[in-house]
Amino acid sequence: MGRPEHRPEVRGARDLTNLWRELPAAVLAYPASAWSPERGLATLSDTLRARAWREHCAAATVQSCAERGRNCERPGHCRADALFPMNIGGGAPSWRQATLFVQWRPALDQWRLTALGAQAGDSLGWAARCLRERHGLEGAVSLPVSTLADLELTGATRWRLTFVTPWLVGKGQTETAAPPDNETVAHELRKAMRLRAHKLTALCFDDARAQRLASHLAHHVAEARLPDGLRVEQAQVEPHPLALASRGNGASFVALTWSGQAMLRVEPDILPWLSLIALSGGGENADKGFGGIELTPLD
C-alpha cells in the first residue's frame, strides 16, 4: 500500500512555526577576510561569552556569577544570562540557548553574527565592537533581517547539507566508528531539530509556564512530523575522533564527530524546523561553534 500524498495536519504545528517566525532577529555579515576558519569559531564565541558575563552580569558582587563559578543569581533580570546562559557543571540548562553566535558561510564567503530575541538584538552592536577590539573583525554590513521569518529556508524539497564545522555526535569510544548510514544521519538531524525547537520555543516567551507548555508542544509536533517529513537520500559522512577538554573541570575526553555532506528530501512544513539548525547548528556544543551546517537547494 503506497504512502498517502496528503497527511492530516498536526494540531498546533502551524501555530508553533508562526510563533518562531515572529521572534526578533538581526544579522551582521562580515567578508571572508575578516577571520580565518582555521582560527576557529570557538575563539569568537568564547570572547563574547566571557565579555558578556564580565560586563553584563546583574549580581551585586565584584566578580560575575561566571567568575565565581555560580549559576545566575538573577535569572530573567540579567543580560549576561539572556545572551549566554550557563549551568555549572557544563553547558546551559536544557531549555536555554545562546542568543548571540557567529557562523561561517563558505558558499557566501561570509561570516555572520546573528542575534535572536530582543535582548540579543539590542546587544548586537556591543558584540560587534567586542569582536573588532579583541580580534580585529571589520567590514560588518547589516542584513535586511528583522524576524526569524527573514531567515527561513524556502522554495525547495531537496537540499544538499554540508557540515561546515565538526558535528559532535557524542562522547566515548570512537576508534571503531563506521560511517553512518542514511537513517542514522536522518535520526541525528531529527533529534537536533527537535532540541533546537524546544530551545527556540522557550526563547519566544518570558513566562516560565508558557515556556514549558509550548516546548511540550514542540516535542509533540516533532514526534508526529519529523520521521516522515525529513529523509536522507544519500549520505557521504565520515566519522572522526576529536580530543576535547571540559572548560568546567579541565577533564579531557574524545568525542565522535561527523564531516561530509548529505542529500535531504524535506516536506514543505518541515523547512521551518530545518531552518533552526541551519541558523544555529546542531549536535553537542552547537552554542560554541560546533555543528555548523550549510544548506543548498537542489530543485
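A: The second largest cavity is lined by T17, W20, R21, L148, A149, L151, E152, P272, S275, L276 and L279, where a cavity is, on a 1 Å grid over the protein atoms alone, a set of points where a 1.4 Å probe fits but cannot get out, and lining residues have an atom within 4 Å of a point. This is a predicted model, in which local features need pLDDT of at least 70 and side-chain atom pairs count only at pLDDT 80 or more, while totals for chains, interfaces and linings use all residues. Residues are numbered from 1 along each chain as its sequence is written, and side-chain values use heavy atoms, with hydrogens and water left out.

The elements that give two or more residues to this lining are helix 1 (13-21) and helix 8, helices being DSSP runs of H or I with at least four residues, numbered from the N terminus. Helix 8 gives the most, with 4 residues. By class, the lining of the second largest cavity has 7 nonpolar, 2 polar and 2 charged residues; here Ala, Val, Leu, Ile, Met, Phe, Trp, Tyr, Cys and Pro count as nonpolar, Asp, Glu, Lys and Arg as charged, and the others, Gly among them, as polar.

About 70 Å³ of space lies in this second largest cavity, a volume being the space filled by probe spheres set on the grid points, which are joined across faces, edges and corners. A search of the whole structure finds 2 cavities of 30 Å³ or more, and the largest cavity holds about 160 Å³.

How values were computed. 1 Å grid on protein atoms, 1.4 Å probe; cavity = no way out; pocket = protein on both sides within 12 Å on 5 of 7 lines; lining within 4 Å.
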